[in-house]
Amino acid sequence: NHDFFWQVMAPKGKGGEPSAELSAAIDKAFGSMDEFKEKWAAAAAPAARFGSGWVWLIVDGNTVKITSTPNQDNPLMDGVEGDKGIPVLGIDVWEHAYYLKYQNRRPEYVAAFWDVVNWNQVNAWYTDALAGKAPQF
């Protein structure tokens, strides 16, 4: 999961933008990018994913969905809690990912994540996922 996570991030202002295709899929599934971010934040909130885990944007067929997994699990695993699919974006919500800068303020960490998303990589993974190909490490 961490190999994936490091590639999902880019220096602030260097990650590009969601592709037209990914933006359209997000709009179709969630209504808008803002609504997607709200649902993402809700899935990452401590009340929704208490303790350690991950929040993912996955491709399931032609649809994008938000799902969450506990501990080190990911949506490619058989028997995973949450929806199974091909991940194209993920955030680590284990406390070790944000404690030094944000202490126990996970929502601030989740909001700041959007400043460093590597949309160029996410776009490429989205295109591959539509063809049934998961990220390789």
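The model is a predicted one. H2 spans residues 20-30 and contains several buried residues, while Asn-118 sits in a loop between helices H5 and H6.

- Welcome to H2, where Leu-22, Ala-25, Ile-26 and Phe-30 are buried.
- Viewed down the helix axis, these buried residues fall within an arc of 100°, so they line one face of H2.
- On the face turned away from the buried side you will find the exposed residues Ala-20, Glu-21 and Lys-28.
- The buried residues pack against helix H3 (33-44), strand E1 (53-60), strand E2 (63-70) and helix H6.
- Just after H2 comes Gly-31, with a positive phi of about 105°.

**How H2 meets H3**
- The axes of the two helices come within 8 Å and cross at roughly 65°.
- H2 and H3 are therefore roughly perpendicular to each other, and their crossing is left-handed.
- From H2, Ile-26, Asp-27 and Phe-30 meet Met-33, Glu-35, Phe-36 and Lys-39 of H3.
- Sorted by class, this contact has 4 nonpolar and 3 charged residues, with no polar ones.

**Asn-118 in its loop**
- The loop that holds Asn-118 runs between H5 (106-113) and H6 (119-130).
- Asn-118 is buried, with a relative accessible area of 14%.
- Leaving aside residues up to four places away in sequence, Asn-118 touches Gln-7, Val-8, Met-9, Ala-10 and Gly-15.
- Met-9 is 109 residues from Asn-118 along the chain, and their C-alpha atoms are separated by 4.7 Å.

Conventions
Residues are numbered from 1 along each chain as its sequence is written. This is a predicted model: local features need pLDDT of at least 70, side-chain atom pairs count only at pLDDT 80 or more; totals for chains, interfaces and linings use all residues. Side-chain values use heavy atoms; hydrogens and water are left out. Helices (H or I, at least four residues) and strands (E, at least two) are DSSP runs, numbered from the N terminus. Buried means under 20% relative accessible area, exposed over 50%, partly exposed in between (1.4 Å probe, protein chains only). Contact means heavy atoms within 4.5 Å. The arc is that of the directions from the helix axis to the C-beta atoms. Axes are lines fitted to C-alpha atoms, for helices over the stretch in contact, and angles run from 0 to 180 degrees between N-to-C directions. Angles under 35 degrees count as roughly parallel, over 145 as roughly antiparallel, 65 to 115 as roughly perpendicular and the rest as oblique. A crossing is left-handed if the near helix is turned anticlockwise from the far one by less than a right angle, and right-handed if clockwise. Ala, Val, Leu, Ile, Met, Phe, Trp, Tyr, Cys and Pro count as nonpolar, Asp, Glu, Lys and Arg as charged, and the others, Gly among them, as polar.
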